[in-house]
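Subject: Structure handover

Hello,

Here is the structure I promised to pass on. Please open it first, then read my notes below.

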Amino acid sequence: CIRDRVSTQSTGEKLKQLQINLEIAAREQKELFLVIFQRFSISLSNHFTMIDLNENGGLNADTDFWYQNTICHLAEVGRKYHKEIRGFLETLETILFTSEVDPRITSIFHQFKLLQSGIVV
């Protein structure tokens with residue numbers, strides 16, 4: 001009987017530790033995605049500012065390779081990891097993709113949200 005109880009406790013303790021490890025991994029993954037999306041947003045915003053200050057004026061998305069490449073990478077991260085970010089879309093919207101962020105950036109985020117609702121973009 002004592003042997004069974006010790007064995008059960010060990011299994012229960014192992015299960016509890018696995019649960020704790022899973023929660024830690026999920027939190028770290030969320031934090032990592034927040035940082036990744038924040039860096040994209042900052043880089044794109046800085047680029048827009050630089051372009052807007054340029055004497056040539058405005059961003060031409062058709063000819064700006066850096067912009068096209070970066071925005072496509074942002075979209076790809078969202079598409080590739082949409083299952084992982086599903087649980088914290090509201091957090092992303094509240095913290096990163098607010099109304100103050102350039103619409104060229106938030107439009108990609110809205111595509112992520114559409115993907116979650118089953119609408120293919």
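Helices here are DSSP runs of H or I with at least four residues, strands are runs of E with at least two, and both are numbered from the N terminus. Threonine 94 counts as exposed, at 60% relative accessibility. The cut-offs are these: buried is under 20% relative accessible area, exposed is over 50%, and partly exposed is in between, with a 1.4 Å probe and protein chains only. A polar atom of the threonine 94 side chain lies 2.8 Å from the backbone oxygen of glutamate 90. That makes a polar contact, defined as a pair of N or O atoms within 3.5 Å; within protein, one must be able to donate a hydrogen and the other to accept it, and residues adjacent in sequence count only if both atoms are side-chain atoms.

A word on the source. This is a predicted model, in which local features need pLDDT of at least 70 and side-chain atom pairs count only at pLDDT 80 or more, while totals for chains, interfaces and linings use all residues. Residues are numbered from 1 along each chain as its sequence is written, and side-chain values use heavy atoms, with hydrogens and water left out.

The overall picture

The protein chain has 5 helices and 0 strands. Along the sequence the pattern reads α-α-α-α-α. Of the 121 residues in the chain, 26% are buried. The chain exposes about 8700 Å², and carbon and sulfur atoms supply 55% of that. Accessible areas come from the Shrake-Rupley method with a 1.4 Å probe; for residues, only the protein chains shown count as cover. Now take contacts between residues at least 6 apart in sequence: 64% of them join residues at least 24 apart. Contact means heavy atoms within 4.5 Å.

Helix H2

H2 covers residues 65-80, which is 16 residues. From first C-alpha to last it reaches 22 Å, close to the 22 Å expected at 1.5 Å a residue. The expected span is 1.5 Å times one less than the number of residues. Aspartate 64 caps the N-terminal end of H2, with a side-chain oxygen 3.2 Å from the backbone nitrogen of tryptophan 66.

Which residues of H2 are buried? They are Tyr67, Thr70, Ile71, Leu74, Ala75, Val77 and Gly78. They sit on the same side of H2, because they cover an arc of only 155° around the axis. The arc is that of the directions from the helix axis to the C-beta atoms. Phe65 and Lys80, on the other side of H2, are exposed.

Threonine 70 is in H2. It is buried, at 10% relative accessibility. A polar atom of its side chain lies 2.8 Å from the backbone oxygen of tryptophan 66. Beyond its neighbours within four places in sequence, threonine 70 is in contact with Phe40 and Leu44.

H5 has 14 residues, which should span 20 Å at 1.5 Å a residue; its end C-alpha atoms are 20 Å apart, which agrees. Its buried residues include Ile105, Thr106, Ile108, Phe109 and Phe112. These cover an arc of only 150° around the axis, so they lie on the same side of H5.

Histidine 82 is in helix H3 (residues 82-85). At 19% relative accessibility, histidine 82 counts as buried. Leaving out residues up to four places away in sequence, histidine 82 touches Leu115 and Gln116. Histidine 82 and glutamine 116 are 34 residues apart along the chain, yet their C-alpha atoms are separated by 7.1 Å.

Salt bridges

How many salt bridges are there? The count comes to 3. The rule asks for a side-chain nitrogen of Lys or Arg within 4 Å of a carboxyl oxygen of Asp or Glu.

- Glutamate 31 pairs with arginine 27, with the closest N and O atoms 3.9 Å apart. Both are in helix H1 (residues 2-53), 4 residues apart, so about one helical turn separates them.
- Lysine 113 pairs with glutamate 93, with the closest N and O atoms 3.0 Å apart. This pair links distant parts of the chain, 20 residues apart: lysine 113 is in H5 (residues 103-116) and glutamate 93 in H4 (residues 89-95).
- Aspartate 102 meets arginine 104 at 2.7 Å, N to O. Arginine 104 is partly exposed, with a relative accessible area of 27%.

Best wishes
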